[in-house]
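Q: Can you walk me through this one? I have a few quick things to ask.

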Amino acid sequence: MLDDIIQSYNEAVFETDRMAALNVVDRALAQGVTAEEVVFKVVIPAIETMMSLIASDPDANLAQHFMTSQIAVEVTEKMLPKFRNSPEVVGRVVIGTAHGDLHSLGKRIVMGCLKAMMVEVVDLGVNVSAEHFIDEAVRLDAQVIGISAMMVHTAMGEEGCRKVRARLQERGLTDRIKLVVGGAPYRFDPNLYQAVGADAWAEDGINAAKVIIELIREVKRHDTP
Amino acid sequence: MLTANHSNQMAVLTVHVGASVTCLPFGRGRSVREILDLFGPRVRAACGGIGACGACVVRVLRGEVNPLMPAERLRLDSAAQARGERLACQLRLLGDLAIRIDHPPPPSVWTTIPMEDLCPVSSEQPAAIRYKYGLAVDLGTTHIRLSLWDCGSRQRMATRRGPNPQGVFGADVLSRLDAARIHAAELARLVRDALIDALRDMLARELGKVTPLLADVGRVMIVGNTAMLTLLTGAGYDTLIDPAYWQQPISCQPPDWQAWQQAWGLPNAEIVLPAPVAGFIGSDLVADLIATDLVEGPPGSMLLDLGTNVELALWTGQRVLVTSTPGGPAFEGVGIRHGMPVQIGAIYRVHGIDAAFSCEVIGGVAPQGFCGSGLLDGIARLLENGALKPSGRFTVPPGTEGYRLDPDNPRTAITGHDVDAFQRAKAATAAAMGTLLAVAGLEWSDLQRLCICGSFGHHLDLSLAQSVGLLPPLALSRMELMTNAALSGCEQALLDGAGMARFARLTHLMAPVNLSMRGRYDDDYLDHLRLKPISLSQNQTIK
C-alpha cells in the first residue's frame, strides 16, 4: 500500500501538482498511514529523489525546484500536528537574509526543508544585522546561523557574513554557533563561503538542511565531551 | 508547417549597400525612406522627407515604382535620372523593389519609432515653452526613446529609439549600480552623450540643420527608473542598493544645470527631471499614469508596465499603490536561447493548427528568434497542444536544443530554460498584482481596468497571456494595451505648462509597497509558477 502511495505522491510532486499531492496524502491518512510515515517515508524521500533528479536533469528548472519544496513544506506542516509523539527535534537554527538583502525566497525554501527534517527554525526576516543574528542565536540557544544572500555585494560585503564571523570570534562563540550561507553568489564561486568566514554552504534546500544537521551534530558533540 | 505571414499588401524591398543585402518585407504604399528609417540601412537625409534636401539618393535596380515626383525633377539631373536614381522619400513601394545606396551615411544606432506605436497628443492646449522645440526622453535600462516636438504647433517632428549604451556594464539595474561604484563618471557620460547624439541626429535628418537649432530647444524632459536617473546625473546611485532608501524619495537632480546646458550645447533648454517616487519606483511609472489617465478612471484600475523590471500601480480611489518586481529579462526576449528584440525576423505571434504551429514574423521573413510576445505565444501554444505540461516540463524532453516549432528551423526552438525563465517572470508579475490587490483589500474580480504597457507592445495576445497565468481572466473589454506609455506621458507633460505639477500631484498620491516586506508575496510567487490560468478566487484563499 505504501509503495502505491509513494509512487502516486512522487508522480504528483514531479508534475508539481500541489492539489494532486495533497489528495494522495489525504487518501493515505484515510487508509491508516500515520502522519509520521507520510513525512519520513513519503515526503522526505520524495524531495531527496526530486533534488537528485533535478540536479542531473538538463530539462529540470528552478520553477520546478521551488514548487517541489513548497509542496513538501505544506504537507509536513499539515502532518506535524498529527504526530502521535512530538517529534524529536534535531536542533535549532536562526535564519535570515544578509544585511542589505531583501530576497527571501531562498531562505523560505531552506526553512521548509529544515522543518521537514525536524530542525526547529526561527525566521529573523530580511535585512538582518550581524548583531541581531548573534543576539538571537544566543538568546534562543541555536546551534546554527543561516544567512541567505542573493546579491554579490550582500554576499561579499563587510556588513554580512564577514561581520557575523568577526562578532562570533570576538564573543568566543565559534564552537557553539556555526555559520552557513546560501544564495546565487556562492554557487558562482564555490570558494566564496570560506572567504567570507562561513563554515559551510549549500546549493539547494535539501542539501542546506543536510549540511545544517551535520553542523548541529558537530556543535552538540562539542558540547557533550 | 511553419509559414511566414505574407499578405497581398506586402512587398519586399531589397537594399544593396556595398556587398551587403537586406530584405525588408513591408506594406505597399510607404515611402522607401520611411521604411529604411524604421528598420533598414539608412539613406542620407537632411529634411523631413519632403524632397527638399535631395540627400536621400538611391538607385533603382529593378521593380515597379511610382513616376518621378516634381521634387525629384528639381534635385536629380537628367544623367542621374538616366542612371535610375531616385529620392528615397519620394519613392514608394508598389511591389517588390530592389535598390542600391551608393553613398550611405555613417552607421547609426538610432531608428524611428513606428507611428502606430505612439499615442496622439491633444492639440488643444496652448504652448507651454517659450522656445520652439522640446525634447521628451524615456530613459530605460535597455532602450532609450526620444521624441522632438515643435511646441507651438504641437507637432511631433521626429522620434528615435536606440540602445542604452550603459548596457556594456551589465543588462540589469543591479549590475549597473554595481559598476557605478567604480565607473560612475563613465556611465553618466555614455548616456548623456547618447541623448545629445539622438537629438542631433533628429535635427540633422529631419530639419537639415543642427547647431543653429540647438538654441531653439526650450525644454528637455527626462523620465526613467530611479537607477537610470541617478546614473544619468551621477548623484544618489550609491544609496539605491541600500534597502533603507527603497521607499524614500531619491534626489536625481544634477549638481549643475549650466554645465549640462553647456556640454549639450543647449543654451536655452530648461532640463527637467521629474522626481522619482522612491528608490525602486521611477518617474517613468508616473509618466505611465499620465498617459493612461489611471486616476481619472474607476477605483480598481491597475497599470502593469512589463519589462526586465515590472512596475505596477493600483488606483484605489484614494491613493495609488505602486510597486516593482524584478521579473527578469524574458519579457524582452533577453536571456532566452533564441531571444531577440522586437525587430525584423522576430517571431511575435504563434498560432496552433492541429499539431503544428504557424508563426507571424516581424517583416514576414524567415524566423530568427523570439521577441517577448512570441515566446509567450509559443509557450501557450505548446501548453495548449500538450507538448508542455503546467509544471513547465515538456511531455517528451526535447533536450538542451529545445522544442522546434518548425522542425526545419533551429531558430524556432524553445528550451526548458526558456520556459523556466518565463515562468519565473510571469509568477513574479502575477504575485505582485495579487499582493497589491490584497494590500488594497481587493479581489481579482474587483479589477475594473487593466492597462498593460511595456515591452510586449501591441503584439501581446491577451487570451494567451491569460491561459498561462500572466494576466487574470478578466473580460477582455477591461484590458487595454499601450505601447511607449512612459514616452507618451513624458510628451504630454513636456507640452503642458503645468506638466511638472501633474507629476507632483500624482507622486503625492502614490504609496510605495515593498513586496519583500509582504510575507504573502513569496507564497503567491510559488503558487503562480505553474502554467495555468489565475484563479479569480485565488486571492482570498491564500493567507
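**Chat notes**

A: Let's start inside chain B: B:Thr159 is buried, with a relative accessible area of 4%. Buried means under 20% relative accessible area, exposed over 50%, and partly exposed in between (1.4 Å probe, protein chains only).

Q: Before we go on, what should I know about the model and the numbering?
A: This is a predicted model, where local features need pLDDT of at least 70, side-chain atom pairs count only at pLDDT 80 or more, and totals for chains, interfaces and linings use all residues. Residues are numbered from 1 along each chain as its sequence is written, chains are lettered from A and ligands numbered from 1 in the order in which they are written, and side-chain values use heavy atoms, with hydrogens and water left out.

Q: OK, where does B:Thr159 sit?
A: In strand E8 (residues 155–163) of chain B. Helices (H or I, at least four residues) and strands (E, at least two) are DSSP runs, numbered from the N terminus.

Q: Which backbone nitrogen lies 3.0 Å from a polar atom of its side chain?
A: That of B:Ile113.

Q: And what does B:Thr159 touch?
A: Not counting residues up to four places away in sequence, its contacts include B:Thr111, B:Leu118, B:Leu146 and B:Met202. Contact means heavy atoms within 4.5 Å.

Q: Switching to the interface. How many residues of chain A are in contact with chain B?
A: 26 residues of chain A, against 29 of chain B. The two chains bury about 2500 Å² between them, 55% of it on carbon and sulfur atoms. That area is the accessible area (1.4 Å probe) that two parts lose on being put together, summed over both.

Q: How many salt bridges cross it?
A: Three, by the rule: a side-chain nitrogen of Lys or Arg within 4 Å of a carboxyl oxygen of Asp or Glu. One of them pairs A:Arg18 with B:Asp527, the closest N and O atoms being 3.8 Å apart.

Q: Which elements of chain A give two or more residues to that side?
A: Helix H4 (62–79) and helix H5 (105–116). H4(A) gives the most, with six residues.

Q: What about the cores?
A: The largest nonpolar core has 93 residues. Such a core is a set of buried Ala, Val, Leu, Ile, Met, Phe, Trp, Tyr and Cys residues joined through side-chain atoms within 4.5 Å. B:Tyr525 is among the residues that touch the most other members. Helix H10 (residues 416–439) of chain B gives the most to this core, with twelve residues.

Q: What is B:Tyr525 in contact with?
A: Leaving aside neighbours within four places in sequence, B:Tyr525 meets A:Phe66 and A:Leu105 from chain A, plus B:Arg424, B:Ala427, B:Ala428 and B:Ala431.

Q: Back to salt bridges. How many over all chains?
A: 43. Take B:Arg520 and B:Asp524, whose side chains meet at 2.6 Å, N to O. Both lie in helix H14 (residues 520–527) of chain B, four residues apart, about one turn of the helix.

Q: Is that pair buried or exposed?
A: B:Arg520 is buried at 15% relative accessible area, and B:Asp524 is buried at 1%.

Q: What about A:Lys41 and A:Glu37?
A: Their side chains form a salt bridge at 4.0 Å, N to O. A:Lys41 is partly exposed at 43%, and A:Glu37 is partly exposed at 26%.

Q: Last one: what is phi of A:Thr16?
A: Near 50 degrees, a positive value in a residue other than glycine. A:Thr16 lies in the loop between helix H1 (2–14) and helix H2 (18–30) of chain A, and is buried at 1%.

Conventions: A polar contact is a pair of N or O atoms within 3.5 Å; within protein, one must be able to donate a hydrogen and the other to accept it, and residues adjacent in sequence count only if both atoms are side-chain atoms.
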